[in-house]
Amino acid sequence: MKAAELFVRCLENEGVEYVFGIPGEENLDVMDALLDSSIRFITVRHEQGAAFMADVYGRLTGRAGVCLSTLGPGATNLLTGVADANLDHAPLVAISGQAATTRLHKESHQVLDLTRLFEPVTKYCASLLEPDIVPEVVRKAFKVAVTPKKGATFIEFPENVAEMDIQDALPLPVTSPPVPEPSAIQVTQAARLISDANHPLILAGNGVVRAGASGQLTAFAEQLNIPVANTFMAKGVIPFRHPCALGSAGLQASDYLGCGFDRADVVICVGYDLVEYHPYLWHPTRDRSIIHIDQSPAEVDGHYPVTVGVNGDIGLSLQRIAQQAARHEGRHIRPLRERLVNEMNQHRDDMAFPVRPQKIIWDLRTALDLEDIVVCDVGAHKMWMARMFRCEYPNTCIISNGFASMGIAVPGAIAARLACPQRKVVAVTGDAGFLMNAQEIETALRYRLPIVILIWNDSSYGLIEWKQMNRFGRAANVRFNNPDFVQYAESFGARGYRVERTADLPSILNEALACDTVSVIDCPVDYRENFRLTEQLGTLVCPT
Ligand SMILES: Cc1ncc(C[n+]2csc(CCOP(=O)(O)OP(=O)(O)O)c2C)c(N)n1
Ligand SMILES: [Mg+2]
C-alpha cells in the first residue's frame, strides 16, 4: 500500500466523515486514495472556506473537523480559519500537501516552511517525512486537537512520501483519556467560599459547551439559586427562559450585566476562556474572589486572581460543589433580567425602516425553532446578536469570539448543515464579512445544502465605524458600495430577497427557511441604533 492510502485509512479510523478542501498537484495521491474510502470530500472555492467549515464542524460535533489544501498558496489560504479554530478552541486537523523532500532545502517553486508557518496557530505540527510515522502522526494530531483545551493541529505531507510503499502498517487504536476527577479539597473550599458569599455570580464560558456540561451548569445554578452570565460563545449553556439566566456578557461597554459583576463578591467562572472577554473589563477592581472551574488550570492574568481552582471534569465538579454549598436568595437578579427582557420585547412591532437591529433579531428568533442553528459573522451585527438573540440550547448560535475573524458565517453555515442535517441553518452576516467568503454559495448549491444568508446591509464596516465615532466623533475609511445582492445570489442559482419594508421581513424569512435551496436576504439595517445603545449604556443606572 502507498503511504497516502495508509494515511486515508488512518483518517477513517479516526471516524472522519468529511474532508473540506481544494486539491492540488502535491496531494494527488491522497485525493486519489480518498476516492476508495468512506470519507466524503467537500470541494470548496477558497481554502479559507474549508478551514472555517472544519472549524464549525468541530464545534458542533466535538470531533475534529478536517480541512485539506495543497502546499504554498493553498496552505497560506487555510491559515486564517485554522487560527480561528485554535483561538476559539474548536478541534480541527489541517492537512496540506508539500513538495518532495528532495527540494525542501532550497528556493523552490511554491515551497514555504509550512510547519513553521502553522506553529503559532496550532497546538501541534508535524511533517510526514517517512511513511512509517503516518499512524503515529495522524493519531497524535487527532488526539491533541480534542485534548483540553481543544484546538487546531497541522500535518504536512510531502508528495514523494505520499507515494512510497509501506508494508504491514495499521492505524493506531483510538482511545480517549479519561477526564480527571476534581480534588475533594478544592471542591470543599469552593463550596465554602460560595456558601459564605453575599452575592455570588456565575460566568459561564465556552468550556461548558465543549465539556457538554450545560445540564449540570443549569442544575447547579438552580439548586444554589445563583445568577448566570454567559460569554458570547456560551450562549444557551443555561436556557434563556430560566430565571437564573442573565444573558451574555462581553459587549465592551457597561451593560445590565455589568451591574451584576459590580455587585458580586464571588465570581464563579466555569469553562471560561480568558481569550473571549478580558478579565479587566469585568474585574477592574481586582478585589473579588474568583473560583475557577475548568478541565485545565487558569491562564495567568493580573485581573484574574484565582482564590480556588477546581480542575477536572466540569459537570462532576459542579455536582459535587452543589452537594456541599448553601443555597442563596438571589433576589437581586430579577430587575436586571427584567430590564433586558423588556428591551428585547420592545421592538416586536417596530416598523421603522431601515430595520433596527433589535427588530431583525426579534423576527429571526420568531422564524426559527429553538434547536435551529445560527452562525454569526463578526461585526456590529455580532454584538447585537450576542446581546439580544435568545438561546435555549448551547451551540444554537455559533459565534467566533476568540480569534473573531470575519468571513466565518457562510462557510460555517454550510458545515452546520452537514453536521446537523435535520436543523435549519442561518448565516447572520455583515455586508463586508459576507463578501469575504460569499463564493461558498456555489459549494452549498452543488452539495444541495439549503442555508439562509441574512445580510445586515449598512454599506460599511459598521463595527469599526461605531468605534471610530465613539472615540473620535468621525468615521475613517469605513464606507463602501455593495453589489446588488439579489442579482448576485441569482447569478449562482440561489434565491435572492431584498427587504424593502420592515413589515416584509417575517414573511421573507419564513419563505427562505421553507425552501430547499440557498437563500440570500439583503436587509438594510439602521445602525444609528449602535450610537443610541452606547448612549443608553453610558448613562445606565443599575436597576438593582
Ligand atoms: C478578517 C478580519 N478582518 C478585519 C477584522 C476587523 N473587523 C471587525 S468587525 C469589522 C467590520 C465588519 O463589517 P461588516 O461585515 O459589514 O459587519 P457590520 O459591523 O457592518 O455589522 C472589521 C473590519 C476582523 N475581525 N476580521
Ligand atoms: Mg456592514
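## The magnesium site

Along the sequence of this predicted model, the residues that donate to the magnesium ion (ligand 2) follow the spacing D-x26-D-x1-S. The donors behind this pattern are Asp431 and Asp458, each through an OD atom, and Ser460 through its O atom, and they coordinate the magnesium ion (ligand 2) at 2.1 to 2.2 Å. Are Asp458 and Ser460 buried or exposed? Both of these residues, Asp458 and Ser460, are buried.

## Helices α3 and α4

Helix α3, which covers residues 47-61, and helix α4, which covers residues 72-88, have axes that come within 7 Å of each other and cross at roughly 25°. Because angles under 35 degrees count as roughly parallel, α3 is described as roughly parallel to α4. The crossing in which α3 passes α4 is right-handed.

On the side of α3, the contact is made by Glu47, Gln48, Ala50, Ala51, Phe52, Asp55 and Arg59, while α4 contributes Gly74, Asn77, Leu78, Thr80, Gly81, Val82, Asp84, Ala85 and Asp88. How do the residues of the contact of α3 with α4 divide into nonpolar, polar and charged? There are six nonpolar residues, five polar ones and five charged ones in this contact of α3 with α4.

## Helix α16

Helix α16, made of residues 380-388, is mostly covered, since nine of its nine residues are buried. The buried residues of α16 include Ala380, Met383, Trp384, Met385, Ala386 and Met388, and the list also holds His381, Lys382 and Arg387.

Notes:
Residues are numbered from 1 along each chain as its sequence is written. Chains are lettered from A and ligands numbered from 1 in the order in which they are written. This is a predicted model: local features need pLDDT of at least 70, side-chain atom pairs count only at pLDDT 80 or more; totals for chains, interfaces and linings use all residues. Side-chain values use heavy atoms; hydrogens and water are left out. Axes are lines fitted to C-alpha atoms, for helices over the stretch in contact, and angles run from 0 to 180 degrees between N-to-C directions. Helices (H or I, at least four residues) and strands (E, at least two) are DSSP runs, numbered from the N terminus. Angles under 35 degrees count as roughly parallel, over 145 as roughly antiparallel, 65 to 115 as roughly perpendicular and the rest as oblique. A crossing is left-handed if the near helix is turned anticlockwise from the far one by less than a right angle, and right-handed if clockwise. Contact means heavy atoms within 4.5 Å. Ala, Val, Leu, Ile, Met, Phe, Trp, Tyr, Cys and Pro count as nonpolar, Asp, Glu, Lys and Arg as charged, and the others, Gly among them, as polar. Donors are N, O and S atoms within 2.8 Å of the metal (3.2 Å for Na, K and Ca); water is not among the atoms, so sites may look incomplete. Buried means under 20% relative accessible area, exposed over 50%, partly exposed in between (1.4 Å probe, protein chains only).
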